[in-house]
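Hi,

Here is the structure I promised to pass on.

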Amino acid sequence: MISYVMQDKFFAEMMHDMVDFGHEISFSLRGGAGAYQPFSVQTEKIDTPEKQLQFTSGFWRMIEQGHVMAKLRFSALSGGDMNAHYLLHEMMHFYQDMHGLYLLPIHEQGVFPVLLDAKSDVIAILFCEAWAEVEAIRTSWALREKGNAHGWNGAIASPDWRDLARAYDNDLTNGVDEAKAAADTFHRWYTGKHRHFYEAHALNIHETNLARFQQGVADINQADLTQNFRVLELPMLVARLPKGGIPKFFHQIDWMDDTYNKVASPDILTRIQNLEQQYGVADNPNIQEIKCGAPPYLWHRLRSAAQESSEIPPH
């Protein structure tokens, strides 16, 4: 699986990042179509420069000692081809996490953080899922054209993604520009039957984190927490990607289209409306105020800062 993804330049660089950060790949009978679990760091309240330095040095020690790793899990029953394809998908989640696209806030003890509201969390997670699968399909197809069909065969065998892969292949076979084919695949992802599963999954994650962030916060009044929620506008999420890192096909997507900004499942929408009645309706779009606490994001930021301040250029 690793030798397969290393044949693509973008994923080879990502694999080097995963190795430097620390990763663990496991297989189980319940691995499903692959899994990568984003999470945020928990720490004491960081309210002084001294505590910030202590946190930074402590975080580096955790990384160096292997206490924080990117964990990827796959099914032992899926076979090599499907798992090669799924590895591309799950590695994209590490890449997204590294650039803070899940916007998971750092969990400071006794502090209720600034975070995305429920609907925005669903929108962000669906964006990450759709993009991860489109990149897995694009890369599998490109590697097949170079003579290695493992990941592509896995995509075609996948009960979840075979229809998306075939539609992308048909577009290219019929002369559609690759960026247009990729943008259409991205849109098709949102119209698939799997959307309900991912909307439910995203809202479950939001509710779990919401309960966790409220633990240990004294005299908390849920109605007063509205000011802590932020509303996501997808162009702001895309803007978090590094310079030169925005895929060409993103320029062919209308980010204001309701397809990407609405919750499609009636039961999930009802649960979100219940949360809005409980916490209030957020209207603040300043997502830059969220203090992202994802370990890959913190590691990437600290490593970049260390490289910029070093007299020795990075290799």
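This is a predicted model: local features need pLDDT of at least 70, side-chain atom pairs count only at pLDDT 80 or more; totals for chains, interfaces and linings use all residues.

Residues are numbered from 1 along each chain as its sequence is written, and side-chain values use heavy atoms, with hydrogens and water left out.

Pockets first. I used a 1 Å grid over the protein atoms alone: a pocket is an open set of points with protein on both sides within 12 Å along at least five of seven lines, a cavity is a set where a 1.4 Å probe fits but cannot get out, and lining residues have an atom within 4 Å of a point. Volumes are the space filled by probe spheres set on the points, which are joined across faces, edges and corners.

The largest pocket comes out at about 490 Å³. Its lining has 23 residues, with Tyr36, His93, Glu129, Tyr198 and His201 nearest the centre. α9 provides the largest share of that lining, five residues (helices are DSSP runs of H or I, at least four residues, and strands runs of E, at least two, numbered from the N terminus). β2 (35-36), α4 (79-98), α5 (118-145) and α9 (195-214) each supply at least two.

The second largest pocket has about 330 Å³. Gln52, Lys291, Cys292, Tyr297 and Leu298 are the closest to its centre, out of 14 lining residues. Here α13 contributes the largest share, four residues.

Now the helix pair. α5 and α9 pack at about 130°, axes 9 Å apart (axes are lines fitted to C-alpha atoms over the stretch in contact, and angles run from 0 to 180 degrees between N-to-C directions).

The largest has a volume of about 110 Å³, and Asp117, Ala118, Leu275, Glu276 and Gly280 are the closest to its centre among 13 lining residues. α12 gives the most to this lining, four residues. The second largest cavity has about 50 Å³; its lining includes Asp121 and His206, and α9 brings the largest share, three residues.

Cheers
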